[in-house]
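Here are some quick notes from going through the model. Have it open alongside while you read.

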Amino acid sequence: MKKRKVWTALAVSMAMMLLVGLSSCSTKQHAINQLENFSEELRDNSARYSVAEWEQAGEKFMKIRKNISKHELDYTPEEKARIGHLEGKCAGYMAKGLKEGVFDKVKAFGNELKGILKGILNAVTDF
């Protein structure tokens, strides 16, 4: 009976160690998946972000980075290279999205300003 309890306890502890090991791999992979999903979100939508959305994006990026840093020692060189590549893509999409978004807003404002000036000139010449 004692042997059975020992084997049961051993089996339970091994199962728990296996689950902990699997969950840590899953968690570190989840952080990479979050970064990949975020880079795709930036690629697809960042040109249309508002100021509030840019603030949220910055906060989300920092949260993902914090999650990744928790597992920094667990990543293989290949995973670290993948993380660096994805971070580079995020930086590129952020720069591109900011540039395009700001340029479109300036261009729209420029067109509005032209319309205002044209309206003023028309009003002045009507006198």
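Leaving aside neighbours within four places in sequence, which residues is Leu-35 in contact with?

1. Keep in mind that this is a predicted model. To take the question: with neighbours within four places in sequence left out, Leu-35 is in contact with Phe-61, Ile-64, Ile-68, Ile-83, Leu-86, Glu-87 and Cys-90.

2. Now the core. The largest nonpolar core counts 16 residues, and Leu-35, Phe-38, Leu-42 and Ile-68 are those with the most contacts inside it. Two or more residues come from each of helix H1 (2-45), H2 and helix H3 (77-125). As a general point, nonpolar side chains in soluble globular proteins tend to be buried together.

3. Next, H2. The helix covers residues 51-70, 20 residues in total, and its first and last C-alpha are 29 Å apart, close to the 28 Å expected at 1.5 Å a residue. Its buried residues are Trp-54, Ala-57, Phe-61, Ile-64, Asn-67 and Ile-68. They sit on the same side of H2, because the arc they cover around the axis is only 140°. On the face turned away from that buried side you'll find exposed residues, including Val-51, Met-62, Glu-55 and Lys-63.

4. Worth a look: Lys-28, which belongs to helix H1. Is Lys-28 buried or exposed? Lys-28 counts as buried because its relative accessibility is 12%, below the 20% cut-off. A polar atom of its side chain lies 2.9 Å from the backbone oxygen of Asp-74. Neighbours within four places in sequence aside, Lys-28 is in contact with His-71, Asp-74, Tyr-75 and Glu-79.

Definitions and conventions:
Residues numbered from 1 in each chain as written. Predicted model: local features only at pLDDT ≥ 70, side-chain atom pairs only at ≥ 80, totals over all residues. Heavy atoms only, no water. Helix = DSSP H or I, 4+ residues; strand = E, 2+ residues; numbered from the N terminus. Expected span 1.5 Å × (residues − 1). Buried < 20%, exposed > 50% of the residue type's maximum accessible area, 1.4 Å probe, protein only. Arc of directions from axis to C-beta. Core = buried A, V, L, I, M, F, W, Y, C linked by side-chain atoms within 4.5 Å. Contact = heavy atoms within 4.5 Å. Polar contact = N/O pair within 3.5 Å; in protein donor to acceptor, adjacent residues only side chain to side chain.
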